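Here is a short briefing to read alongside the structure. Take a look at the fold first, and then follow the topics below.

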Amino acid sequence: MYEVRQRIGASAAYQQGLYGQQTGIAVLDSGIFLHGDFTSGENRIRFFKDFVKGRTVPYDNNGHGTHIAGIIAGSGAASRGRYMGIAPLSHLIVLKVLDEKGNGSVEDVCRGIEWVVQNGKRYQIRIMNISVGAKVKDRFLESRMLVNAVEYAWDHGLIVVAAAGNNGPEAMSITAPGTSRKIITVGAAPEHLYEKQPEIGCSFSGRGPTNECVCKPDVVAPGFRICSCSHRPEEVYTVRSGTSMAAPVVSGGIALLLNKYPDMTNKDVKLCLRKSALPLHLPRSYQGWGMFHIPECLDGRCRR
């Protein structure tokens, strides 16, 4: 995570005292383990709801959700800050919609989205991270349901961030709900930019355009071999790759942006990302507008 924070320029926010404080981020995933990076000092897991088994105490029997939450808001307490998340003072509202195998029903995801819309103000939720998806070609009706649900949330003012999916490098491989024209869709940045090697690791990142010829993804962010919180007490941290890991990098970064400009709407944020992304000189179908980069978001140019 230290390397991730460097790549997206997060220190520009930290130098201004922006750590995501008072910003609620809803995470729809496999749940969350009560890891010390969320509970040491102040418990920043403000609410947990289980749409799979109806349990009331936070848990994660898969690990995906805990890893996502750590990228967004882990304090790094168990690693002396090395694996701190992007917005370590933000608070989490965790909705479990995936089971122990990482599978879930579209109905549960849509119920989770509806819950966030109805309870957003109560928990100061500004951002909703969805690192789950469905193949559009194989599950058209379910994909349409997901897209309709996230657009409903977007129309109610939430900033919705979704993963592009891991079905690349073929064209038109973005998964739903990342195919939505409205929301912010995130792909995984190519590693060769940092390792001076041919493209490795992130060829899986979903490519646009969508079936409706919408240009996607919107931006890319680091998503290869990301170290974040584990749901297993014996290992503390673990490494995962995917656009699932890239999306929470952007969600956390947006929380820092909202600290400085709390009056920004979801449309303002998306326009800001478009203006501030660093071009990677790769096809639009892969990089979108470019690499998510926080300093350009904060310097005021995206406000003009």
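Strand β5 is covered on both faces: Ile159, Val161 and Ala163 are buried on one side, and Val160 and Ala162 are buried on the other. Buried here means under 20% relative accessible area, with exposed over 50% and partly exposed in between (1.4 Å probe, protein chains only). The model is predicted, so to speak of local features pLDDT of at least 70 is needed, side-chain atom pairs count only at pLDDT 80 or more, and totals for chains, interfaces and linings use all residues. Residues are numbered from 1 along each chain as its sequence is written, and side-chain values use heavy atoms, leaving out hydrogens and water.

- Counting along β5 (159-163), 5 of its 5 residues are buried. Strands are DSSP runs (E, at least two residues) and helices are too (H or I, at least four), numbered from the N terminus.
- On one side, β4 runs parallel to β5, joined by 4 bridges; two strands pair if DSSP finds at least two bridges between them. Asn129 has Val161 as its bridge partner in β5.
- β6 also runs parallel to β5, through 3 bridges, and Ala163 is partnered there by Val186.

**The whole sheet**
- The open sheet has 7 strands in the order β2-β3-β1-β4-β5-β6-β7, paired in parallel.
- β2 (45-50) and β7 (219-221) are the edge strands, each with a single partner, so one side of each has no neighbour in the sheet.
- From one strand to the next, the twist averages 25 degrees. Angles run from 0 to 180 degrees between N-to-C directions, with axes fitted to C-alpha atoms, for helices over the stretch in contact.
- β1 (24-29) and β4 (125-130) run parallel with 5 bridges between them, and Leu28 stands opposite Ile130.

**Helices across the sheet**
- Helix α6 (140-155) lies across β4, β5 and β6, at about 150 degrees to β5; contact means heavy atoms within 4.5 Å.
- α5 lies across β1, β2, β3 and β4, at about 170 degrees to β4.

**The largest pocket**
- The largest pocket has a volume of about 480 Å³, the space filled by probe spheres set on grid points joined across faces, edges and corners.
- A pocket is an open set of points on a 1 Å grid over the protein atoms alone, where a 1.4 Å probe fits, with protein on both sides within 12 Å along at least five of seven lines; lining residues have an atom within 4 Å of a point.
- α5 (106-119) and α8 (243-260) each supply at least two lining residues.
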